[in-house]
Amino acid sequence: MQPGETEAPIQGGKGLVALTGATGFIGGVLAEWLVRSGWRVRALVRSLPRARFLHPLGAELIQGDLADSEALHSLLVGVKAVVHCAGAVRGIDFADFARVNVAGTECIAALAARMDPPPLFVALSSLAAREPHLSPYAASKREGEAVLERFSDAMPVTILRPPAVYGPGDREMLPLLLLMMRGIAPVLGSPQARFSMLYVDDLSSAIERCLVAGDVGRGVLALHDGRVGGYTWDAVVEIATRVRGKPIRRLVVPRGLLNALAAISRRWGSLTGTPPMLTPGKVRELTHPDWVCDNTEASRALAWAPQVEFAEGLRRTLAHHRALKRSTRS
Ligand SMILES: NC(=O)c1ccc[n+]([C@@H]2O[C@H](COP(=O)([O-])OP(=O)(O)OC[C@H]3O[C@@H](n4cnc5c(N)ncnc54)[C@H](OP(=O)(O)O)[C@@H]3O)[C@@H](O)[C@H]2O)c1
């Protein structure tokens, strides 16, 4: 269901939501989803030019980052709910991730908990938090959850753990999807590995359901696209083959090669000061054999049902990519 399809909310009539991470992949889609679902959005953004696309949505922009308590206060005053979507997804060591995912989360949660009345606080963690030993990113997301749990006496807190999220605007999974459409499917890690996935619109609808549901009690809710037991690489390739309409060749990428590429990328990141895409921790995440989750609790607590399985999500992502390419050419 598209937001507003069965109901016609008065524009902004559901209330004011403070959103972090709106200039990112998930936050950008979510901002639009929330506005179309009848919420007013006030977004914390670090860069006003990057947030230009939020103007047509009527979103109010507060410039600042998660360490800026004045900006956070302006963000939070008078809001009904907070959706904390900002996060560091690239970095080299734990400190890189913890600055945002732990300390930044603590700053905004501490201020929100002191508001009168305190807002509902919905936070995007990650399924990676289930395996904190795998990488500094995973450890930081788990620690961020622990921080939030400390504030759950002072305000209602809902923590969501999405698996790999993809869709229009994503840059992490897109290269892999495009490669498959060229006929090559790199199989990263064990061919027997299983993983859940989630299309970004379904994540947005789950978050919106959180706002409507209010306090669903403590705990962490895992989300996936409705495919019980997740996907194997074989299943992904089979679906992509149908979408492509031509065969796709599997290319098993040995772990040793991934580790070598990660070492180079990490070194390059240290030298240039740019967060690397591939690190030894990312390789451990990518090659972990079990990223399957269970969304029964989330579906029950939020009265939420995902709509987009991988075949449809892939089609929509590719269509968006093609449209974007056409518009940048013209
Ligand atoms: N993508 C996935 O597959 C996935 C899966 C599970 C969970 N998640 C979680 O979902 C959240 C969003 O992920 P994403 O894929 O949308 O990442 P993204 O595209 O990298 O977006 C990250 C957002 O966080 C903002 N941000 C980073 N550091 C900040 C700081 N110090 N202060 C204020 N804002 C800051 C960024 O702002 P700038 O634009 O200024 O950099 C950007 O808006 C993250 O918490 C991530 O851990 C993602």
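Student: What makes the span of helix α8 (residues 255-272) agree with its 18 residues?

Tutor: The expected span of a helix is 1.5 Å times one less than its number of residues. For α8 this should be 26 Å, and the end C-alpha atoms are 25 Å apart, which agrees. Helices here are DSSP runs (H or I, at least four residues), as strands are (E, at least two), numbered from the N terminus. The model is predicted: local features need pLDDT of at least 70, side-chain atom pairs count only at pLDDT 80 or more, and totals for chains, interfaces and linings use all residues. Residues are numbered from 1 along each chain, and side-chain values use heavy atoms, with hydrogens and water left out.

Student: Which residues of α8 are called buried?

Tutor: Leu258, Ala262, Ser265 and Gly269 are buried, a term for under 20% relative accessible area, where exposed is over 50% and partly exposed lies in between (1.4 Å probe, protein chains only).

Student: Why are the buried residues of α8 said to line one face?

Tutor: Seen down the axis, they fall within an arc of 70 degrees, so they line one face of the helix. The arc is that of the directions from the helix axis to the C-beta atoms. Turned away from that side are the exposed residues Ile264, Arg267, Trp268 and Leu271.
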